[in-house]
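Here is a briefing for a first look at this model.

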Amino acid sequence: MAKVELSVEIISIPGDLIKTIYTACKTCYSAKLPYENYLSAPDNETMLSLIRKVIGSGHYSTIEHIQLTFAIQNVSRACTHQLVRHRHMSFSQKSQRYVKEKGEFDYITPKTIESNPELNKKFDDFMKNCSDFYQELIENGVLAEDARAILPNATASSIVASLNLRELIHLANLRLCTRAQLEIRTLVKAMADEVIKKEPWLKEYLVPKCVKIGYCDEDKTCGRMKTKSELLTKSDL
Ligand SMILES: Cc1cc2nc3c(=O)[nH]c(=O)nc-3n(C[C@H](O)[C@H](O)[C@H](O)COP(=O)(O)OP(=O)(O)OC[C@H]3O[C@@H](n4cnc5c(N)ncnc54)[C@H](O)[C@@H]3O)c2cc1C
């Protein structure tokens, strides 16, 4: 049984991402055929200037053509449960039915527990107890699909996740917000960083929603941005 750390790798991203989005954008406003637009695509900066304008005006279907796939390793089941709530994503997750946790299972310790030595020790002991009981169930012929009932939310999992660029931006807007739980925030930040490494121009879009909309719409604000009511003056009401 081991504490494990998150790792995220992008395993699929189109090489001609900018040109593909440009072709989609240009086709909306050009008399030329889409393939002619593709073949006559200008330099990156000119393409990006059109793309920024189109995205800025909320014409998001143009970025749905870009499909991305991530290998996400050593993430808790609590975190993947939050991730799979995003309905425009596709997932393939390590099964707790087909994969028996051999020996002892890996788990993720939340930072708030890890930072307290006493609680951290109790947490590790609790995981060990769960692991021992899981093994007992398996040794007594209980199927893995039923023995998993006692595995905690902290159990480590792996998941392959695919989504288009529009959904990635939406995911970042929601899950980079400080109101999101730290683990999923860290995961989505790692996904965004992987993309930004390859396409630095996307940095301005892979931001928390407050940066996108210019104010905080959460009840409990972290204070990074003004709330809507703070922005409105009495005369606006
Ligand atoms: C900080 C935070 C706290 C949360 N707390 C809770 C909680 O306590 N309980 C809980 O159950 N969930 C909670 N959630 C999950 C949340 O309610 C959403 O299920 C999750 O964030 C997915 O967001 P989404 O629906 O916008 O995104 P996606 O499923 O990724 O969809 C993207 C967008 O597509 C559109 N869309 C998708 N499906 C439909 C549809 N069927 N009809 C109309 N439009 C659609 C919407 O515009 C949506 O915003 C929380 C999320 C966050 C970020």
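**The sheet at a glance**

Four strands make up an open sheet, in the order β1-β2-β4-β3, and the pairing is antiparallel. β1 (7–12) and β3 stand at the edges with a single partner strand each, so one side of each has no neighbour in the sheet. From one strand to the next, the twist averages 20°. This is a predicted model: local features need pLDDT of at least 70, side-chain atom pairs count only at pLDDT 80 or more, and totals for chains, interfaces and linings use all residues. Residue numbers start from 1 along each chain as its sequence is written.

**Terms for strands and helices**

- Helices (H or I, at least four residues) and strands (E, at least two) are DSSP runs, numbered from the N terminus.
- Two strands pair if DSSP finds at least two bridges between them.

**Strand pairs**

- β1 and β2 run antiparallel, joined by 5 bridges. Ile 10 stands opposite Phe 70 in β2.
- β2 pairs with β4 over 9 bridges, in the antiparallel sense. Val 75 has Ser 157 in β4 as its bridge partner. Gln 73 stands opposite Ser 158 in β4.
- β3 pairs with β4 (residues 156–164) over 4 bridges, again antiparallel. Ser 92 has Val 160 in β4 as its bridge partner, and Ser 90 stands opposite Ser 162 in β4.
- In a regular strand, side chains alternate between the two faces of the sheet.

**Helices across the sheet**

- Helix α8 (residues 165–175) lies across β2 (67–76) and β4, and runs at about 125° to β4.
- Helix α9 (residues 182–198) lies across β1 and β2, and runs at about 40° to β1.
- Axes here are lines fitted to C-alpha atoms, for helices over the stretch in contact, and angles run from 0 to 180 degrees between N-to-C directions.
- Contact between two residues means that their C-beta atoms, placed from the backbone, lie within 7 Å.

- Helix α1 (residues 17–29) has 13 residues, which should span 18 Å at 1.5 Å a residue; its end C-alpha atoms are 19 Å apart, which agrees.
- The expected span is 1.5 Å times one less than the number of residues in the helix.
- The buried residues of α1 are Leu 17, Ile 21, Tyr 22, Thr 23, Ala 24, Cys 25 and Lys 26. Their cover includes α2 (34–39) and α3 (44–56).
- A residue is buried if 20 or more other C-beta atoms lie within 10 Å of its own, exposed if 12 or fewer, and partly exposed in between; C-beta atoms are placed from the backbone.
- The 13 residues of α3 should span 18 Å at 1.5 Å a residue, and its end C-alpha atoms are 18 Å apart, which agrees.
- Just after α3, Gly 58 takes a positive phi of about 80°.

**Residues to find**

- Asn 74 lies in strand β2. Asn 74 has a positive phi of about 60°, although it is not a glycine. Asn 74 is partly exposed, because 17 other C-beta atoms lie within 10 Å.
- Leu 83 lies in helix α4 (residues 77–83). Leu 83 counts as buried because it has 20 C-beta neighbours inside 10 Å. Not counting residues up to four places away in sequence, Leu 83 touches Ala 161 and Ile 184.
- Leu 83 and Glu 218 are 135 residues apart in sequence and 20 Å apart in space, C-alpha to C-alpha.
- Tyr 107 lies in the loop between β3 (90–93) and α5 (111–114). Tyr 107 is buried because 24 other C-beta atoms lie within 10 Å.
- Tyr 107 and Ala 2 are 105 residues apart in sequence, yet 6.4 Å apart in space, C-alpha to C-alpha.
- Leaving aside neighbours within four places in sequence, Tyr 107 is in contact with Lys 3, Met 127, Ala 154, Thr 155 and Ala 156.

**Around the ligand**

- Arg 85, His 86, Arg 87, His 88, Glu 167, His 170, Leu 174, Arg 175, Arg 179 and Ala 180 surround the ligand. A residue is near a molecule or strand if its C-beta atom, placed from the backbone, lies within 6 Å of it.
- By class, this shell has 2 nonpolar, 3 polar and 5 charged residues. Ala, Val, Leu, Ile, Met, Phe, Trp, Tyr, Cys and Pro count as nonpolar, Asp, Glu, Lys and Arg as charged, and the others, Gly among them, as polar.
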